[in-house]
Structure formats: structure tokens, C-alpha cells
Amino acid sequence: MPVEITWWGHATCTVEDMGTRVLTDPLFARRLAHLRRRRGAPPPPSAAEADVVLVSHLHADHLHVPSLGRLAPGTRVLVPKGAPRAVPALRKLSTLKIIEVEAGERVEVGRVTIEAVRAEHDGRRLPVGPHMVPALGYVVNGEARTYFAGDTGLFDGMAEAVGEVDVALLPVGGWGPYLGSGHLDAGRAAEALARIAPRSAVPVHYGTYWPIGMDAVRPHEFHAPGDEFVRQAALRAPGVAVHRLEQGESVRPEVAG
């Protein structure tokens, strides 16, 4: 069965490969603190159906405890090592199987293998908390090798850390008018694409959440990243097929035969 990618909005995707459903950074809320979902309906209940969930880092828009609470009992959840210590609410999700991982570690789930890889991003649980754990990306190894970057900036050795991949799910924006360090905008994401050189890419982490009352502040940072990534990718990585999805839309990207 072909690999299928569904983008639910923000960094939340379902990767279906070899009969295994992999869910990334689930965020199902209409509102999170000062952010509201501005585009796309919240994912349907079926989006929470997963064999394994990948959590990239501790920020609340990626490690969202209420969304994790919607998962079926027994679901495996991969988190950066140290996350339960830094986020005590994770320990209350006693029906889930929380698995702490570090870059380089692998976990087999069904017929796929999940590999944790390095990311370059703030690992703290903001806005409070002294604990910092390294942010991660993940590579899903099945019929395809699918790279989920989580949140990351460019870093030396990025291509080597990720390895050869067929599909890259790359962040191309954020949830506010300005991106801090440790993020990819459309241009830097296109540069990451050129370094990694997958066959296909899907832009994520843009055009979904925005601060309440700030719709008129730098609105292009909300609306433009997806199309700008398509344009920049065509210049810097013309051999990569880029699939710009709407929230809830799916694609079956081409993979190596």
C-alpha cells in the first residue's frame, strides 16, 4: 500500500506506512493559551487513531497534554528523554505507553522502525520551568523513509543526521508574526530541502494558529509561507516534488521503487 501523509494543521500529521499509523505532535485544540485556530477545522476524532505518536519537543503546541489524552489506551508515545520529569502532567497519562528516546535510538512499531534524530530548537517547557531536554526529529522507516523535522533550525551536519529520506515534513513558518532562532522560514526550509534532498516534501507548521487579536499584524507570515516555500524550493531544490496541502488533505508521495 502506498505511503500516505495527512496534514491536520500546524505540526500534526498522520503518516500511514506498512499498515502502521504514525501521528506527529498532536494538537487538536481550537485554542491554546493566546493562540486560536484561525484556519481549518480541528482534526476529526479519527485523527487520534494511531499506533505510535511522535512528540518532537516540550513546547505546548507540540507536547499538548489534553490532545495526548484523546489517544486510545496502550498507544505508544515517543518523547525526548527527560520529558516526563520536565512535564509532570505526562505522568498522569497512565493509560499510554510513554517511551523516552534520544537521538540515534530506534523503536520498532508494527512493520516500521522509528529513529530519533537531532533537531536544533529550544528544548524548554515554556513559559516556565528550568528543565531542558533536547528537541528531536524522527525518521519513519517503512516502505518509505519519512522525515518529520518537528521544529528545527538549520545546523551543520543536518543531512548526515537525517540520512537519505524519501519524504520530508518540514516546518516553514510559525504561529506568530516573528520567528525566533531554531526555526525554519520558507527560505531556510528550502535550503534544508536542498541539503536533505528527499524525493518529496510537505510544508507544515504554518497557517493554522495565530495570536488572538493580531490578525492584522504581519498577516503575510500567516498566509504566505506555504506558497513561498513552493517557490523557493523550485529554485533551490528543483528535483523535489513539493505537495502543499490544506488542513485535512492527504497525499501519496512517490517513493523509491
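Two strands pair if DSSP finds at least two bridges between them. Helices and strands here are DSSP runs, numbered from the N terminus; a helix (H or I) has at least four residues and a strand (E) at least two. This is a predicted model, in which local features need pLDDT of at least 70, side-chain atom pairs count only at pLDDT 80 or more, and totals for chains, interfaces and linings use all residues. Residues are numbered from 1 along each chain as its sequence is written, and side-chain values use heavy atoms, with hydrogens and water left out.

**View 1. Seven strands form an open sheet with mixed pairing.**
The strand order is β9-β10-β11-β12-β13-β14-β16. At the edges are β9 (106-109) and β16, each pairing on one side only. Strands β13 and β14 run parallel and are joined by five bridges. In β14, Ala 201 stands opposite Ala 168. Strands of a sheet pair through backbone hydrogen bonds, either parallel or antiparallel.

Which residues of α6 are buried? They are Pro 225, Gly 226, Phe 229, Gln 232 and Ala 233. Buried means under 20% relative accessible area, exposed over 50%, and partly exposed in between (1.4 Å probe, protein chains only). The cover over the buried residues of α6 includes strands β13 (167-171), β14 (200-204) and β16 (241-242), together with helices α4 (186-196) and α5 (220-223). Contact means heavy atoms within 4.5 Å.

**View 2. Strand β1 is largely enclosed by the rest of the structure.**
Six of its six residues are buried, which is why it counts as enclosed. On one pairing, β1 meets strand β2 (residues 12-17) in the antiparallel sense over five bridges. Within that pairing, Ile 5 has Val 15 of β2 as its bridge partner. The two strands form a hairpin with two residues between them. In the turn, His 10 has a positive phi of about 50 degrees. Strand β1 also runs antiparallel to strand β17 (residues 249-251), with three bridges joining them. There, Trp 7 stands opposite Glu 249 in β17.

**View 3. Two aromatic pairs are counted.**
Rings of Phe, Tyr and Trp (its six-membered ring) pair if their centres lie within 6.5 Å; planes under 30 degrees apart count as stacked, over 60 as edge-to-face and the rest as tilted. By this rule the count is two. Trp 7 and Tyr 206 form a stacked pair, 5.3 Å centre to centre with 15 degrees between the planes. Trp 7 lies in strand β1 (residues 4-9) and Tyr 206 in the loop between β14 and β15 (209-211), so the pair ties together parts that are 199 residues apart in sequence. Trp 7 counts as buried because its relative accessibility is 1%. Tyr 206 is buried too, at 2%. Trp 210 and Phe 222 make an edge-to-face pair: 5.5 Å centre to centre, 75 degrees between the planes. Trp 210 belongs to strand β15 and Phe 222 to helix α5, so this pair ties together parts 12 residues apart in sequence. Is Trp 210 buried or exposed? At 0% relative accessibility, Trp 210 is buried. Phe 222, with a relative accessible area of 1%, is buried as well.

**View 4. The charged end of Arg 38 sits over the ring of Phe 222.**
A charge sits over a ring if NZ of Lys or CZ of Arg is within 6 Å of the ring centre and within 35 degrees of the ring normal. For Arg 38, the charged end is 4.5 Å from the ring centre of Phe 222.

**View 5. Three strands form an open antiparallel sheet.**
The order is β4-β5-β15. Strands β4 (31-32) and β15 are the edges, and each pairs on one side only. Strand β4 pairs with β5 (residues 35-37) in the antiparallel sense over two bridges. The bridge partner of Leu 32 is Leu 35 in β5.

**View 6. Gly 182 sits in the loop between β13 and α4.**
Gly 182 is buried, with a relative accessible area of 19%. What does Gly 182 contact, leaving aside its neighbours within four places in sequence? It is in contact with Glu 120, His 121, Asp 151, Thr 152 and Gly 153. Gly 182 and Thr 152 are 30 residues apart in sequence but 5.2 Å apart in space, C-alpha to C-alpha.
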